[in-house]
Amino acid sequence: MAVIHRPAYDDWSLPKGKLHQEEDELAAALREVEEETGLRCVAGPVLGSSTYVDRQGRKKIVRYWPMRPVGGRFHPSREVDELRWVSLPEADDVLTYEHDRALLRAFTPRP
């Protein structure tokens, strides 16, 4: 699983972003993942969503899909300066926000 570091917030997060006008959620997810990671991907079935309040007090709803890279390459930028490939248990330790960790735990197989 890919996690990204955003230097402006000094946080580790899952790739995500905002919809453009007239854009559907899946198209936005694929575009944002490519913009943030440099990876072109294909998506599987929707995993679920997360709702949280951002630093400005705005309610945010984010939908997630599993994705498989089919091309591209990561290049650090001002928006995302590091990408790490981690296992699900490692992601729980790396991710900054509880809403990201809770989403992953919901989809982590239990023994």
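Apart from neighbours within four places in sequence, Val-86 is in contact (heavy atoms within 4.5 Å) with Met-1, Val-3 and Ala-91. Before going further, please note that this is a predicted model, where local features need pLDDT of at least 70, side-chain atom pairs count only at pLDDT 80 or more, and totals for chains, interfaces and linings use all residues. Residues are numbered from 1 along each chain as its sequence is written, and side-chain values use heavy atoms, with hydrogens and water left out.

Val-86 belongs to the largest nonpolar core, a group of 12 residues that also includes Val-3, Trp-12, Tyr-52 and Ala-91. Strand 5 (59-64), helix 2 (88-94) and helix 3 each supply at least two residues of this core. A nonpolar core here is a set of buried Ala, Val, Leu, Ile, Met, Phe, Trp, Tyr and Cys residues joined through side-chain atoms within 4.5 Å. Buried means under 20% relative accessible area, exposed over 50%, and partly exposed in between (1.4 Å probe, protein chains only). Helices (H or I, at least four residues) and strands (E, at least two) are DSSP runs, numbered from the N terminus.

Now look at helix 3 (98-106). His-99, Asp-100, Arg-101, Leu-103 and Leu-104 are buried there, and their cover includes strand 2, strand 4, strand 5 and helix 2. Leu-103 and Leu-104 are also members of the largest nonpolar core.

Next comes the largest pocket. On a 1 Å grid over the protein atoms alone, a pocket is an open set of points where a 1.4 Å probe fits, with protein on both sides within 12 Å along at least five of seven lines; lining residues have an atom within 4 Å of a point. The lining has 49 residues, with Leu-14, Pro-15, Lys-16, Gly-17 and Val-62 nearest the centre of the pocket. Helix 1 (25-37) gives the most to this lining, with 7 residues.

Finally, two aspartates sit in loops. Asp-54 lies between strand 4 (48-53) and strand 5, and is buried, with a relative accessible area of 14%. Its side chain makes a polar contact with the side chain of Arg-58 at 2.8 Å and reaches the backbone nitrogen of Gln-56 at 2.9 Å. A polar contact is a pair of N or O atoms within 3.5 Å; within protein, one must be able to donate a hydrogen and the other to accept it, and residues adjacent in sequence count only if both atoms are side-chain atoms. Asp-24, in the loop between strand 2 and helix 1, is partly exposed at 48% relative accessibility.
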